[in-house]
Amino acid sequence: MKIKIGLLKILFVLTVFPLGILGCTQLAGSMTVLTDKPVQRDFQEIYDIPYYEGADYDDSKHRLNLFIPNDVDNPPMMLWIHGGAWAFGDRKDETELARKFTGQGIAVAVVGYRLSPGTWKDPKRTQGIQHPEHIKDVARAFAWIYDKASKYGYDKHAIFVSGYSAGAHLSALLAMDPSYLAKEGRSIRDIKGAIPIAGAYDIEAYYDTHLKYNGKAMAENHVAAVFGSTRKQLVQASPTTYMENQWIPMLVVSETDSYEYTRILERAAKKAAYGNMEFLHVRDKDHSGLFRNLAFSEKSGYRDKIIQYINKNRTGYSYLFRNDVALAYRTFGKGEPLFLLNGGPGFPSNHFLDLARKLADQRTVVLFDQRGTGYSSMISGRTSIDMSSMVDDLEALRKHLGYGQINLMGHSFGGMYAMAYAAKYPDQIKKMVLSHSGGMNLGFAPETNRRLQARLTDAERKALAELTKVKDPDVRYKYRARLLAGGYVFDQELKDQVYRGLAFSTRFYPKVHSMVWRDMQRNRFDLSGKMKRFNKPVLIIQGDNDVIDPKVGRASHAIFPNSKLVILKDCAHFGWLESPEVYFGQILTFLSGHAANAG
């Protein structure tokens with residue numbers, strides 16, 4: 001890869017004056033001496049907390065410093081990774097930066113990690129570790145931060161990973177290669193967002209630039225000493241290698257010295273259509289200048305932009321705590337309530353955000369994560385999930401929000417969920433929409449699977465069977481989504497859009513899926529008898545090429561005493577993608593109370 005000669009400046013900054021050293025030597029007079037006791041100001045500061053004590057424990061480096069605002073309820077958390085060219089620096093050098101962010105309502109955890117040899121800078125620095133030990137430490141710290149959220153009072157569902165220089169590389173790598181968090185028993189999906197600042201993201205290009213401009217000794221003593229000397233090792237350590245892993249939204253910040261390195265990542269993101277990776281190029285600050293601005297300026301527009309990004313991308317959910325579950329929900333719009341139940345079982349609601357906003361023009365749309373998925377968590381140690389409890393969750397949320405009768409719309413499995421609620425609480429429903437819904441019993445399931453499999457090629461079916469070899473569940477489901485995406489749409493030009501939605505805009509919880517289906521099978525789920533007596537208006541809308549056979553919709557239409565059936569032409573499982581005008585027209589007209597013509 002060709003790198004512009006302008007990169008020579010960043011090499012000088014990163015190698016001769018690594019950020020951690022710069023903070024200690026030139027800015028020492030501005031630093032506050034740390035103590036072992038928390039400092040009470042507008043926030044609490046807790047130093048030197050061990051986050052890992054395993055076999056390779058380093059008493060100095062496997063520690064972190066916490067900064068928690070006292071007057072912010074459940075603040076977002078920024079895990080901050082210090083710079084220093086992977087060989088220098090320390091968490092204590094980042095104290096003023098952490099205080100600036102915490103003073104504006106962001107909890108901060110500044111993590112230490114083991115370092116590599118630094119003989120290129122200090123001949124005595126001959127001892128140290130090599131990649132992937134740095135990122136393994138960061139993953140350990142993240143797992144600790146996630147697990148300790150309730151103890152220290154920050155939001156575990158809003159943990160952002162960030163860092164400067166070498167820390168930028170490590171934060172980007174943690175957010176793009178799922179293997180490190182998987183080894184710690186956590187998912188890459190537990191990261192809410194990443195904000196790498198002033199880093200290098202293609203380590204092979206970083207090595208080659210050193211080799212060309214600074215010579216072989218520098219390339220070996222600096223880059224190879226950190227990452228290894230083989231091309232395979234350099235590529236494996238590069239965030240650019242993992243561009244197809246697009247789960248985590250990212251704000252990537254550069255300054256004048258790191259601009260060309262960031263442009264490598266930006267070009268790779270554009271090529272891979274990484275739609276939720278944003279770039280902020282700071283053109284009036286160099287490498288040390290931007291850090292000074294973030295850490296020491298009383299007012300910093302760039303710090304404000306980072307905080308705005310965190311606040312924009314945090315969860316935005318409210319919670320209903322009841323019995324054995326914390327139920328996460330969001331509301332959109334104003335007016336008559338419509339509860340939107342997403343498909344599954346085992347999916348959260350976040351991939352229905354656009355649908356909720358579309359439907360919220362003249363009504364209040366309530367969207368919530370079904371128990372055990374997304375941000376809705378089990379809080380009593382229960383190991384099973386049943387439909388009866390899920391129905392009672394919905395009823396409790398209706399009461400919590402103070403609504404009388406509600407409109408109910410369920411998509412796919414969500415339609416079955418809606419009918420289960422209607423069976424138990426029929427008087428609480430005004431109207432019900434079944435969008436590409438499953439049936440009133442489980443008899444439709446084998447045919448649905450057959451229809452989906454029939455749309456796959458022999459190669460795709462073979463690849464599906466081999467996915468059991470993929471250990472990481474996030475990667476396995478990503479590949480599964482890619483293989484199955486075409487089966488859910490009639491128009492194959494939408495295949496990539498469906499793949500990205502299934503793979504990255506939502507998250508699959510296989511244990512929840514299994515528990516709910518087992519419960520439905522054990523209790524012989526069949527609502528046909530009760531639905532015969534359900535006389536509220538029902539709109540059934542389905543595709544003529546749906547993976548759920550249209551005869552399921554016709555059978556439901558025959559059972560409901562007051563229903564309307566709409567079959568969308570040249571449409572499979574997502575009417576809002578393939579036939580949006582008819583799909584939304586029928587639903588909105590039905591909810592508003594006017595007659596509608598079938599599409």
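The questions below ask how some descriptions of this predicted model are reached.

This is a predicted model, where local features need pLDDT of at least 70, side-chain atom pairs count only at pLDDT 80 or more, and totals for chains, interfaces and linings use all residues. Residues are numbered from 1 along each chain as its sequence is written, and side-chain values use heavy atoms, with hydrogens and water left out.

Q: What makes the chain as compact as a globular protein of its length?
A: The chain has 25 helices and 18 strands (DSSP runs numbered from the N terminus: H or I of at least four residues for helices, E of at least two for strands). Its radius of gyration is 27 Å, close to the 25 Å from the globule rule for 599 residues, so the chain is as compact as a globular protein of that length. The radius is taken over C-alpha atoms, and the rule is 2.2 Å times the number of residues to the power 0.38.

Q: Why is P50 called partly exposed?
A: Buried means under 20% relative accessible area and exposed over 50%, with partly exposed in between (1.4 Å probe, protein chains only). P50 has 28% relative accessibility, so it counts as partly exposed. This residue is found in strand 2 (residues 43–50).

Q: Which residues is P50 in contact with, leaving aside its neighbours within four places in sequence?
A: Contact means heavy atoms within 4.5 Å. On that basis P50 is in contact with Y57, H62, R63 and W144.

Q: Why is strand 4 said to be largely enclosed by the rest of the structure?
A: In strand 4 (residues 77–81), 5 of the 5 residues are buried, so the strand is largely enclosed. M77, L79 and I81 point one way and M78 and W80 the other way, and all are buried.

Q: How do you know that strand 4 and strand 5 pair?
A: Two strands pair if DSSP finds at least two bridges between them. Strand 4 and strand 5 (residues 107–111) have 5 bridges, in the parallel sense, so by the two-bridge criterion they pair.

Q: What makes helix 3 largely enclosed?
A: Of the 8 residues of helix 3 (residues 95–102), 8 are buried, so the helix is largely enclosed by the rest of the structure. Among them are the charged-type residues E96, R99 and K100. The buried residues pack against several elements, including strand 4, strand 5 and helix 12 (287–296).
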